[in-house]
Every structure is written in structure tokens, then in C-alpha cells.
Amino acid sequence: MDAYDELLQAFSAEKRDRFLNLFDRYMITRSARLELIKNERDTELWLEKSLLETIDFDKVDSLKGPARREELLRQARTYMAGLRSRETDYSTFPDIRLVRPRTVGVQDTDRPLGFGRCPCPIDGEVTRCCKLTTLDAVMQCGFACSYCSVQAFYNENRIEIASDLERKLDELEIPEGVWHIGTGQASDSLLLGDDYGTLSALARFADRHPGIVLELKSKAGRNCFSKKWPSNMVFTWSLNAPTIIKKEEHLTAGLEERLENAMRCRDNGNLVGFHIHPMVYFKGWQDEYADVANAIERRFRPEEICMISAGTLIFTKENLRYIRGKGEHSRVLEMDLVPTAGKYSYPFETKLEMFSTLFSSFSEAFRNNVFTYLCLEDPKLWMPVLGRSYECDRDFEADMKKCYRKKVEAIAR
């Protein structure tokens, strides 16, 4: 089933008939039909007024021939542009508590464990990428963030854990040049704690390879810090504005819970890091993201933090289709979907405003002593936002490695 039929079937029978009649009456082309039903699907997910309710059909029908079709499309596009261009208003969006039933299982012993690469970059270094190496000990997430694509890639109702993980890690050969390995791409790194021995197995792997930095990324508030972990295990938390956590990051820990867990990690002797990602352009974003920055600086000294990164909402065509297909209410797509390096994101000017506001909320002394970067963003944003830039990904990675290793070595003393 193609995207057009998939979306059309998602509507109620009454709405589907209304659109089919409208398409025939105004001789809407196939491409325009898809545009209209995508937009209508979006208004349903956003809980905004239906596209059909905004069109002045008297004005449309006062015209003749193809002009009627063009007027209908003009009105529809004007309405959608108005919704997408403004700061998303969550004050009119209800609190929604999604449920994600999950079972937890162990993978087939014969399933191989291997390294992957960061899924972010495209050819030509159009965006700046740190070239993270990935290691997926757990696949599928128990959280329900509305913008996440992980659930589209794996069995939606089953969290799978690599069996015989320690043995498989023992057998892995780290490719030459690999130093930064992340475990939070296919699942939340702390979702299951050490219930299945995954953290302990990863800790032994980190101990055997002191030259790597093993990053565990999470939105959980689970306390996994009653035992010591190797100093080259860096625990990072994805943070967001409280409004976005409440409205779009379902089932995750709140901002305070995440920060409290990071403080436990710090007090236990490990470096922490923060990914303020994905930033959302919503009504009140300036104050809330500034508060996130201030909350970090109040609780941590620069020497305790390995890194702080930032990024915005970015979607592939597959992401957009998945979000529209699952039909869960969300306003993450109520934004300008501008083609950006083969994907869709905010306009450059919006990103510049958001990132500049965020990083200027940290004190200069703090910024100068914490490694900061932009994740999957246009290299032209770096200098105005961070005051530095890199000629290529290789230079970025080399600087990151130097800063990470310096922090790890200092905390290991």
C-alpha cells in the first residue's frame, strides 16, 4: 500500500468519502491529493481544525475551470503555512498518557553482535558528524517519544537483549581508529538497568579497552549507580524543555529526575554529559531551554561534564510516514518541514535563534570548559553559535577525542 492509500484508509469512512468527492469535483491531481490528505492527517494528529472546515467553498465555486482547484489548494496551503510557521502552542494540547506494552526477551544465541555507524551523516559532509560507532546490546525502547523512529525499526512489542553478551563482547575486535562507542541508538541505555547483566558486561568490555570511551545515553531516572563503573564509561542524558517532556516524551523520566540521576552518577565517580535534543520551536521555548541550561550549571562543575550537545527535530520521509501512520496525537510535525541535507527540519534562521539562545544561557566560563557541539547540523551554524568551527568531520572528531580523553584521564586519577 503506497502512502496515498495508507493515509486515505486511516480516515473515518465519512471523511474518506468527503475527500474522494472533493477530489472528483475539483479534478485534483494525484500529487495534490497526497498533499491534501497528508495535511489533513497532520491536523488530526495536532488536534487542530480540520482542513475541510477552513476552506471557503463559496469563494472556490465562484470561479470556473482550473481556477477553482487552484483556489482550493491556495486556501489549504495558506492555512497549513500559518500553523507550521508559528511557535507550536502546547497550551491548547491536552496531556496524553500513551501506553507501550513491552515484553523483554533474549535474542537467539546465534545472532551476531557487531559495531555499526552513526545513522546521521550523509555523503559530502553537508552536516557535521562526530562519526560515532554504535553497539546495540539492547534493541527497542520502552519509552514512547512521539518523534522517535526506533519503534519503526524493531519488533514494536518486544525489547530484545543480546544473549551471551559478555562472550560476544570478548570476541569483538575494535576496528582501527574507533575510540567513541555509543550504546543508545537502538534503545535507552539505562532502561533495564543491569537487570540482565548488560551494564556489567559492558563495564568489563570498557575495562578491557581503556583506550575507548563508552557512552551510555538515557532518558531514564533509574538509579544504576550503587556500584562503581570504569572511568571510561560516560553516562549521558538526553534533556528537553519540561513542556516537551510532558507532551511528547511519553513514559520517560522528568527533567528533575534525569538531572538527579546524573548527579548520582557524578557522585559515584563517572563523567556525565547532556544532549539537549531535539529542541522544539514552541511557545515559551526561550525561557524553558534557558532554564535547562541554568539547571545544569547549578548542579555540575565543568570538570564533571564530558560534553553538552544540541540538535533539533529532524525527520526522514520514512519517519514522517511512520508518525502519520501510527496516528498518535502529537504536535512535533507542526513545524516548517524544510528540506535539509536529505531530511526535513527547521529553517536555518530558526535553528540559529534556538541554538544561540540555549548556549548563551550558560556562563562564558562554563562554556569555555565544557566540550560543546551541534548534532547533525549545518556547519555554518557552528561559528555564530559556538564561536568555533571545523573544516571537516575528521577535525571535529580529533578535537572531541582530545577533550574526552583529557576529562576521562582527570577523573580516573
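Is Leu251 buried, exposed or partly exposed? I looked this up and found that Leu251 is partly exposed, with a relative accessible area of 26%, where buried means under 20% relative accessible area, exposed over 50% and partly exposed in between (1.4 Å probe, protein chains only).

I note that this is a predicted model, in which local features need pLDDT of at least 70 and side-chain atom pairs count only at pLDDT 80 or more, while totals for chains, interfaces and linings use all residues. Residues are numbered from 1 along each chain as its sequence is written, and side-chain values use heavy atoms, with hydrogens and water left out.

**Backbone entries**

I placed Leu251 in the loop between strand S10 (249-250) and helix H11 (255-267); helices (H or I, at least four residues) and strands (E, at least two) are DSSP runs, numbered from the N terminus. Leu251 has a positive phi of about 75° although it is not a glycine.

I then turned to Leu47, whose phi is near 60°, a positive value in a residue other than glycine. Leu47 sits in the loop between H3 and helix H4 (51-54), and at 38% relative accessibility it counts as partly exposed.

I also looked up the peptide bond between His277 and Pro278, which is cis, with omega about 0°; Pro278 belongs to strand S11 (residues 272-279).

**Helices H3 and H6**

I found that the axes of helix H3 (residues 30-46) and helix H6 (residues 66-85) come within 11 Å and cross at roughly 35°; the axes are lines fitted to C-alpha atoms, for helices over the stretch in contact, and angles run from 0 to 180 degrees between N-to-C directions. On the H3 side the contact (heavy atoms within 4.5 Å) is made by residues including Glu35, Leu36, Asn39 and Trp46, and on the H6 side by residues including Leu73, Met80 and Arg84. I recorded nine nonpolar, two polar and four charged residues in this contact, with Ala, Val, Leu, Ile, Met, Phe, Trp, Tyr, Cys and Pro counted as nonpolar, Asp, Glu, Lys and Arg as charged, and the others, Gly among them, as polar.

I followed Asn39 of helix H3 further: it counts as buried at 10% relative accessibility, and, leaving aside neighbours within four places in sequence, Asn39 is in contact with Leu51, Met80 and Arg84.

Of its 124 residues, Leu36, Trp237, Phe274, Tyr289, Ile296 and Ile308 touch the most other members. Not counting residues up to four places away in sequence, Ile296 touches Leu239, Leu259, Phe274, Ile276, Ile305, Ile308, Phe362 and Phe366.

I located Cys375 in the loop between strand S16 (371-374) and helix H16 (382-386), where, with residues up to four places away in sequence not counted, Cys375 touches His277, Ala310 and Gly311.

**A three-stranded sheet**

I traced an open, antiparallel sheet of three strands in the order S13-S15-S14, where two strands pair if DSSP finds at least two bridges between them. Strand S13 (314-315) and strand S14 (338-340) stand at the edges, each with a single partner strand, so one side of each is left without a neighbour in the sheet. S13 pairs with strand S15 (residues 343-345) over two bridges in the antiparallel sense, and I noted Tyr344 in S15 as the bridge partner of Phe315.

Key. Core = buried A, V, L, I, M, F, W, Y, C linked by side-chain atoms within 4.5 Å.
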